[in-house]
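Please read them beside the model, point by point.

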Amino acid sequence: MARNWARTTRAAGVDAILIGALDGEMMEACGAHKLPCILIEGGDVSAALKQRATGNVRSDPKLYPKMSVLKVGFYRELLSFGYNVWACDADAVFMHDPRPLMAERNYALADIAIATDCIDIPLDSRSPLMHCDFNTGLVYLRSKPNTIEFAELWRETVANAKEHRIRDQAAFNMLTKVRPPTPLSIEGSRVERLFSVTAGAD
């Protein structure tokens with residue numbers, strides 16, 4: 001799946017790609033196919049991943065959220081180095097280079113852009129992306145201090161969750177919807193598809 005993701009992403013015009021590997025096996029597979037890859041180290045979490053009894057981490061409800069901690073921590077680290085991050089799952093396929101989109105008038109103002117799995121044209125025309133959960137399988141993070149701060153809060157929310165079901169996607173939705181997102185306006189004019197969000201309860 002990672003090979004197909006890399007191939008289709010490059011075909012869309014994006015060569016600046018990086019695969020985050022959670023174990024040595026994935027690192028070896030990427031190396032064999034000359035895919036840019038880096039090992040995401042996470043102390044006890046990495047040790048638990050190595051000792052897992054199941055091949056698919058999703059089938060382990062206690063371990064899967066810990067993988068999310070590593071994943072979001074990886075995003076934060078890249079952001080702290082000054083990189084804007086298009087974070088996507090291996091089953092997310094780019095048809096075109098998404099980077100020009102984030103330079104367009106409205107999207108250039110966005111610190112974070114995110115997709116959903118829900119396609120409902122009537123509802124989406126009235127309240128874009130607000131009628132269903134956000135999907136962190138495809139999220140854009142612009143390297144700015146407030147985005148880095150959000151990524152750290154996001155990681156900590158997953159790490160400290162009392163329920164095993166709280167993974168990166170659930171935590172993201174919890175943080176961004178504690179208070180209703182406010183439509184963004186500039187000089188009295190509504191900016192389409194952009195919202196202002198206060199993360200968390202503070």
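1. Read along the sequence, the protein follows the pattern α-β-α-β-α-α-β-β-α-β-α-α-β-β, with seven helices and seven strands in total. Helices (H or I, at least four residues) and strands (E, at least two) are DSSP runs, numbered from the N terminus.

2. On the basis of the notes: this is a predicted model, in which local features need pLDDT of at least 70 and side-chain atom pairs count only at pLDDT 80 or more, while totals for chains, interfaces and linings use all residues. Residues are numbered from 1 along each chain as its sequence is written, and side-chain values use heavy atoms, with hydrogens and water left out.

3. Of the 202 residues in the protein, 36% are buried, where buried means under 20% relative accessible area, exposed over 50%, and partly exposed in between (1.4 Å probe, protein chains only). Among the contacts with a separation of 6 or more, 56% join residues 24 or more positions apart, a contact being heavy atoms within 4.5 Å.

4. The largest nonpolar core holds 23 residues, and those touching the most other members are Leu 79, Val 85, Val 139, Leu 141, Trp 154 and Phe 172. At least two residues of this core come from each of helix 4 (64-80), strand 3 (85-88), strand 5 (135-141), helix 6 (145-159) and helix 7 (168-176), and helix 4 gives the largest share, seven residues. A nonpolar core is a set of buried Ala, Val, Leu, Ile, Met, Phe, Trp, Tyr and Cys residues joined through side-chain atoms within 4.5 Å. A second, separate core of 12 residues includes Trp 5, Ala 6, Val 14 and Ile 17.

5. Leu 79 deserves a look of its own: not counting residues up to four places away in sequence, Leu 79 touches Val 85, Leu 141, Arg 142, Ser 143, Thr 147, Ile 148 and Ala 151.

6. In helix 7 the buried residues are Asp 168, Ala 171, Phe 172, Asn 173, Leu 175 and Thr 176, and they pack against helix 4, strand 4 (112-115), strand 5 and helix 6. Asn 173 counts as buried because its relative accessibility is 10%; leaving aside residues up to four places away in sequence, Asn 173 touches Asp 133 and Phe 134.

7. Strand 4, strand 5, helix 6, helix 7 and strand 7 (189-196) each supply at least two lining residues.

8. How many disulfides does the structure hold? There are zero, a disulfide being a pair of cysteine sulfur atoms within 2.5 Å. Cys 88 counts as buried because its relative accessibility is 19%, and Cys 132 counts as buried at 13%.
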